[in-house]
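Here's a quick tour for anyone meeting this structure for the first time. Have a look around, then read on for charged pairs and chain contacts.

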Amino acid sequence: MSWAQASLLARGLCRGWGGICGAALTGAPFSQVPPQAPRGLHCSTAAHHSDSSLVPRPPEPPRRPAKALALHEELFRQAPDGARDKASFVQAVQKFGQHNVHRRGHVDFIYLALRKMREYGVERDLAVYNLLLDVFPKEVFRPRSVLHSIFIHYPRQQECGIAVLEQMENHGVMPNKETEFLLLQIFGRKSYPMLKFLRMKLWFSRFKNINPFPVPRDLPQDPVELARLGLRHMEPDLSARVTIYQMPSSKDSTGAADPAEPHIVGIQSPDQQAALARHNPARPIFVEGPFSLWLRDKCVYYHILRADLLPPEEREVEEIPEEWNLYYPMQLDLDYGRSSWDDYEFDIDEVEEGPVFAICMAGAHDQATLAKWIQGLQETNPALAEIPVVFRLAGSTGELLAPSSGLEEPSPPPPEGQEDEEDSQQQRQQQGCFQDKGVEGEVPAWSPRSAGSPGSFFPAL
Amino acid sequence: MTSTSSRCRRAEGSRLECVDGQEPGASPVVQRLSLQIPLRQPRVRQFGSRKEVFPFPEVGQEELNEINQFVAPVEKFFTEEVDSQKIDREGKIPHETLEKLKSLGLFGMQVPEEYGGLGLSNTMYARLGEIISLDASIAVTLAAHQAIGLKGIILAGSEAQKAKYLPKLASGEHIAAFCLTEPASGSDAASIQTRATLSEDKKHYVLNGSKVWITNGARANIFTVFAKTSIVDSDNSVKDKITAFIVERDFGGVTNGKPEDKLGIRGSDTCEVHFENTRVPVENVLGEVGGGFKVAMNILNSGRFSMGSAVAGMLKKLIEMTTEYACMRKQFNRSLSEFGLIQEKFALMAQKAYVMESMAYLTAGMLDQPGFPDCSIEAAMVKVFSSEGAWQCVSEALQVFGGSGYVKDCPLERILRDARILLIFEGTNEILRMYIALTGLQHAGRILTARINELKRGNVTTIMETVGQRLRDSLGRTVDLGLTGKLGAVHPTVADSANKLEENVYYFGRTVETLLLRFGKTIVEEQMVLKRVANILINLYGMTAVLSRASRSIRVGLRNHDHEVLLANMFCTEAYYQNLFSLSQLDKYAPENLDEQIKKVSQQILEKRAYICAHPLDRTS
């Protein structure tokens, strides 16, 4: 019986098949991998319960010395004026290094620091992550033999290293050469943090520019600027003009503007203007909304001015004027068109929609505010004066509807929504871990045979 | 499609006649091409055109003497008295130069003699154009005056109008301008904004509007103006239609803007012209009320052929200047002329000049045949070919001069700037390519309709015929349309080239058929396809012209006809391979056909209105 089978058997005995399946489904990287024995070797207490998640929650074993953690908390509280910025964070990390020459409890400290990063606003700072990694003692955790690297060497420390990288990933921080160097020093080339690093290098570069409609990382705080950005984001026509119909009366950046004078920003393209001028005044047009638009973690609401689709019998057939082009015939006098075997188009059912004439974002979603927008539009669209405008507000927004109209940015989810953030992080983690699982799941099965070529652990290499 | 075409036999001499009798008098090769690729408009045939492509049109000895008599003093004047450098620098043609031009009669070259003009034939006009083009500003001024400005009166004017205006225009006392383009309307006639409204007493039209880029706008006394008028249709509906007017500056309300500061042809006078409540008497309506569109089209179509000879004249001069420099300038103890890459440029210039000259005089000769044949496609082809040749050759000539060609002291710089306008005015080359291709296809379509309908309906016999034909083609068939051989239209020295022409014509015909079958009338939207069709047509016409001219030169025994044979063969071979390439591109699934990619790239760029590739130095990390 091969060694691999033996280990499988051992695992089965140890954890039971249910445990394996559960672990496989939740996709935790390490939990199902290591047989109990190697863990025991390092006296790690962390991994027992962390089937579903590694970060940012530190694994809190029941026998955790609460004192140590409190001590670390103390480090972060020591900032002189209570300022929470990069400098004080860096200071806290450095202090840990000074106080603790042997780096005792560094794993706990790193987990704590990771959780504190958002507070200090350094969650997107590569230098800080590198600093955190630097907390690990060097050379200690490097595997010294093939066996070391097969049976995860210092798993708790490796998990912690991965947690750092994971948080970088969640915030879109691309590791650099220094990160690589640190990881090499700490964990060696054939370690899981290094594998994670390589995968980040690979996929980050692939996904970084995948969004064809990028939203700037730092959104403007000014609601008018934000509205301008959102409108530009929605409007495909680059020659469209943004008009500010009304500036907010009070310059309160928190958005608690005077409800009487909320901002009104609109956008309209020349084509839309022309379409509105052609619109039959007998048919009403509608102001509809609010609809929601997410820009990163902000939700803004917009309204559209639209008309119903003309019934087929009223549509004008676009006819080619007889005397149009002075130079060449605009149509051929032939009685056959493009043949069916030369039809490149897929058979797509297209739903025709009525024209949209303009979009606006306003600080308030009531009729009075929107009426001001329509008034403003009339200056550039004289035809609008004759067309009846029907306000069809709310209703269409569903659960995203503003709780009370008149409120600035009615119901954006709490920006500091930790739960949201964590949920999404967990999701991403699970996705991320899914990749890991593929490899690790196989480790016990064929690692003995491939022991001669350890490179095969790391497909990304 | 070939069934009608190959049944031609040779008649006496080099004339070709068709046996099927459908095409009385339709003997020349373009006509024969037109059986293959039915090209000519039916109107042409109505007149029973005696358009002769083979042999090359000749002028009689007397006419030739007459031309030479005209040419000599004009040439002397242009080489000795016209200072193009100064005209370009100062941005205007000196008064005395204009006076001299008037006294030479150059303002009325094509005005009939009874109205005081020179009454030159098209061929003679083309010949004089060669000389006049030595100064681009003067050439453009004269062309704006008579090729478009007063052409309307000659083509569509009543006797009274002709008698009233032409004598003064011919003498140069009055200068004419052509006012069609508007800020919002280039080739789009429907967007013309200038309006003419009939006054209460129905004796005047009141004209209001602005026209832009009017050559001679500041100098002219007589304007041909196109404006919208309300016309009551036969069914009592009121429609806006274009009407042409003869407007005198003295009618009042005519003002012009300041002269445009242009890249080239700086001596010509170009400006905006505004009409404000200008009262135009009803008798000054040119042609019919509401018939202005046709008038404009006819004027534009008639003026183009002369560009070929004009550019050829300019190129001849250019070759003289450039050869002189290339033989004088020494590098590495050798003169420039000994280097292959320099020699190549001269061959190119000579070839282009030869081809456009042949095309221009062939077209002029056809136009001079009785019965007002419509040669507007040919004229457009000449214009496209010659303007592009001009730009290419001038650029190459400047390259020979190197750095010294790039400075203002060298005339090359000015010629290059002047040549650029040729691709733009008189209909941009893009638009003319559409015209060439669509007019050709329209005609082909009419003839092919029945056949294509049968194919589409799935008529077994037609399909079998087509398949059989394709099969035979694929087994390698030699195309012989009867151009060559004993007593053929083409001299045996250029027989190879003639065979190439025949082969191109044959396969082009087939491709056209496929295209029409594929696209039908929606081919109007396929501009990239149309461009290739136009390019092939231009090449075919060029080949025909040089073959005809070279054959004549050999037979008549003109000086240096062996040189002509070289040029003709060179051009035909080049054009043949270009055509083959274009034809393969017209295949739907050809690997050479990049249309899809081209469209995609341009769409992506236009969507963002920028070059969207990341910078080569950008990183993702």
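Is K316(B) buried, partly exposed or exposed? K316(B) turns out to be partly exposed, with a relative accessible area of 34%. Keep in mind that this is a predicted model. Across all chains it holds 36 salt bridges, and a few of them are worth a stop.

**A network in chain B**

- K316(B) pairs up with E357(B): their side chains meet in a salt bridge, 2.6 Å from N to O.
- That pair links distant parts of the chain, since E357(B) sits in helix α13 (residues 340–368) of chain B and K316(B) in helix α12 (residues 306–328) of chain B, 41 residues apart.
- Through shared partners, salt bridges join R127(B), E130(B), K316(B), E357(B) and R549(B) into one network.

**A pair in chain A**

- Over in chain A, the side chains of K138(A) and D134(A) form a salt bridge, 2.8 Å from N to O.
- K138(A) is partly exposed, at a relative accessible area of 25%, and D134(A) is partly exposed too, at 34%.

**Where the chains touch**

- On the chain B side, 47 residues are in contact with 29 residues of chain A.
- About 3500 Å² of area is buried between chain B and chain A, and carbon and sulfur atoms give 59% of that.
- Two salt bridges run between chain B and chain A; one of the charged pairs to look for is R609(B) with D237(A), whose side chains meet at 3.3 Å, N to O.
- Six residue pairs are in polar contact between chain B and chain A, with both residues at pLDDT 80 or more.
- Several elements of chain B give two or more residues to the side that touches chain A: β7 (238–248), α11 (292–302), α16 (429–457), α18 (495–519) and α21 (595–608).
- The largest share of that side, 13 residues, comes from α16(B).
- By type, the chain B residues on the side touching chain A divide into 19 nonpolar, 14 polar and 14 charged.

Note on methods. Residues numbered from 1 in each chain as written. Chains lettered and ligands numbered in written order. Predicted model: local features only at pLDDT ≥ 70, side-chain atom pairs only at ≥ 80, totals over all residues. Heavy atoms only, no water. Salt bridge = Lys/Arg side-chain N within 4 Å of Asp/Glu carboxyl O. Buried < 20%, exposed > 50% of the residue type's maximum accessible area, 1.4 Å probe, protein only. Helix = DSSP H or I, 4+ residues; strand = E, 2+ residues; numbered from the N terminus. Contact = heavy atoms within 4.5 Å. Buried area = accessible area lost by both parts, 1.4 Å probe. Polar contact = N/O pair within 3.5 Å; in protein donor to acceptor, adjacent residues only side chain to side chain. Nonpolar A, V, L, I, M, F, W, Y, C, P; charged D, E, K, R; others polar.
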